[in-house]
Number of protein chains: 2
Amino acid sequence: MNKNASFPPVIILVKPQLGVNIGMAARAMLNCGLDQLRLVSPRDGWPNDQALAASAGAEQVIRDAKIFTNPGEACADLQKVYATTARPRDMTKRVVTPRQAATEIRACQNQNIKTGVLFGREAKGLNNDDIALSDTIINVPLNADYPSLNLAQAVFAVAYEWLMDEDDTAPSQLVMPKSTRPANKQELSGLFEHLERELDDCGFLRVQEKRPVMVRNLRNMLGRADLTEQEVRTLRGVIKGLCRGR
Amino acid sequence: MNKNASFPPVIILVKPQLGVNIGMAARAMLNCGLDQLRLVSPRDGWPNDQALAASAGAEQVIRDAKIFTNPGEACADLQKVYATTARPRDMTKRVVTPRQAATEIRACQNQNIKTGVLFGREAKGLNNDDIALSDTIINVPLNADYPSLNLAQAVFAVAYEWLMDEDDTAPSQLVMPKSTRPANKQELSGLFEHLERELDDCGFLRVQEKRPVMVRNLRNMLGRADLTEQEVRTLRGVIKGLCRGR
């Protein structure tokens with residue numbers, strides 16, 4: 001999946017309540033290429049059928065989940081621990097965005113430093129002792145009027161940023177069937193000239209002083225469509241069709 | 001919320017099946033500051049109690065949702081439409097990442113261009129006619145072995161990137177109680193010298209040739225902690241306490 005995913009971050013859910021949220025969190029993890037899940041005292045015990053059902057396709061993450069009785073135990077082998085929570089009011093702590101955390105976690109991976117991210121139980125979140133266990137807080141900077149994230153969404157935000165940190169997908173690209181390719185300028189000229197010839201013939205371009213602007217506008221319009229070679233041929237067929245019998 | 005949120009993007013769910021997913025999508029939207037939801041032929045009719053229950057805190061988004069019978073109607077007043085789906089195999093279409101889409105949508109907002117994002121029904125996604133209705137495809141570049149996102153997660157990915165595009169949260173900052181502030185260098189020197197004096201007294205620094213390195217290491221160690229003024233005072237109390245009665 002990733003060239004330096006030597007120790008990809010471990011996701012640790014502290015006292016999760018609903019099995020369905022554990023399953024959804026597992027899905028969010030695997031969507032982003034993470035598969036090491038640790039659970040601290042899940043309320044409804046373990047294994048949990050609802051967690052398995054909700055994990056739809058990410059069952060292996062659920063089956064491989066490791067269970068611990070307290071957060072300290074779950075973090076024992078980790079060297080750098082993040083806690084996802086609101087900005088603390090009564091503690092001095094470094095707070096980072098998920099994007100910054102992703103960059104730091106990748107840097108840790110490059111140095112073979114084992115990282116983990118703690119998520120609190122639904123609604124109540126992490127308590128201050130859990131937070132003190134962590135090195136750094138991750139706070140997702142959301143709508144201040146409604147910042148409370150569903151557990152699986154919080155896991156997704158962190159895992160997604162981790163994945164994006166090394167993603168090299170082109171931000172924008174024209175995707176087309178393998179059988180075709182972008183038209184070249186000669187093919188486009190052929191189309192434009194074909195169209196203009198027929199428009200001259202039918203009288204659409206008869207006002208000579210308007211002709212240059214009209215032609216330029218038509219070429220700009222069709223040019224913006226990023227036509228493929230196949231589409232140029234289709235449009236020439238369309239022109240031919242429309243002129244038939246004239 | 002946002003200085004140029006003149007026409008924030010509309011979220012359009014096409015034939016959503018489960019009320020709980022509609023509710024979770026509404027939550028994800030409001031978490032990111034979006035509140036205009038449109039639904040095309042929700043399977044279980046409308047209103048939907050499960051959607052309302054799952055929206056927990058985002059009920060207004062559900063109550064304000066507009067219902068349409070087909071995607072064309074739902075997009076009629078929009079000028080730029082994105083479709084979230086896998087990369088198309090048999091169409092020529094521009095494909096962008098959620099991050100790129102966010103930048104483009106913000107640019108549209110600056111020009112008062114109304115945008116919307118289409119999401120397909122669970123499992124099946126959008127069909128080719130829905131996709132043809134859109135200008136551009138948004139594809140979330142996920143784990144290629146498990147790319148299928150839950151509906152609410154897909155909405156979150158798009159809405160989150162939209163929010164982040166104009167977010168100016170400091171990527172990393174030290175957050176501390178209002179009653180304190182970062183210690184200054186004089187306060188830190190006072191702490192270091194206090195510690196070193198006591199360590200000289202108790203004999204810990206007695207090997208004179210090792211003293212400079214030891215002192216430098218201790219200063220580095222404590223320096224990395226980014227101590228606050230309050231914490232410096234606490235540590236000086238700790239030193240005093242440890243030395244008591246010696």
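In strand β5(B), Leu174(A) has Arg94(B) as its bridge partner. One step along, Gln173(A) is bridged to Val95(B) in β5(B). This is a predicted model, so please hear every number today as computed.

Now the interface as a whole. How many residues of each chain are in contact? There are 55 from chain B and 55 from chain A. The size of an interface is often quoted as the accessible area lost when the parts come together. For chain B and chain A that comes to about 4,400 Å², with 53% of it on carbon and sulfur atoms. Which residues of chain B lose the most area to chain A? They are Asn31(B), Tyr146(B) and Val175(B), which together account for 16% of what that side buries.

On the polar side, 30 residue pairs, both members at pLDDT 80 or more, are in polar contact between chain B and chain A. Five elements of chain B each supply at least two residues to the side touching chain A: α1 (19-31), β5 (93-96), α5 (98-110), α7 (151-165) and β8 (172-175). The most comes from α7(B), with eight residues. By type, that side of chain B divides into 30 nonpolar, 15 polar and 10 charged residues.

Two salt bridges are found across the interface. One of them links Glu161(B) with Arg99(A), where the closest N and O atoms are 3.1 Å apart.

Last item, the symmetry. Two copies of a chain are related by a rotation about an axis and a shift along it. Here, chain B is superposed on chain A by a rotation of 180° with 0.0 Å of shift along the axis, at an RMSD of 0.0 Å. Such a relation is that of a two-fold axis. Which C-alpha of chain B is nearest the axis? That of Gln153(B), at 3.3 Å. Both copies use the same surface, since 100% of the contact residues of chain B recur in chain A.

That is all I have.

How values were computed: Residues numbered from 1 in each chain as written. Chains lettered and ligands numbered in written order. Predicted model: local features only at pLDDT ≥ 70, side-chain atom pairs only at ≥ 80, totals over all residues. Heavy atoms only, no water. Contact = heavy atoms within 4.5 Å. Buried area = accessible area lost by both parts, 1.4 Å probe. Salt bridge = Lys/Arg side-chain N within 4 Å of Asp/Glu carboxyl O. Polar contact = N/O pair within 3.5 Å; in protein donor to acceptor, adjacent residues only side chain to side chain. Helix = DSSP H or I, 4+ residues; strand = E, 2+ residues; numbered from the N terminus. Nonpolar A, V, L, I, M, F, W, Y, C, P; charged D, E, K, R; others polar. Pairing = 2+ DSSP bridges. Least-squares fit on C-alpha atoms with pLDDT ≥ 70 in both.
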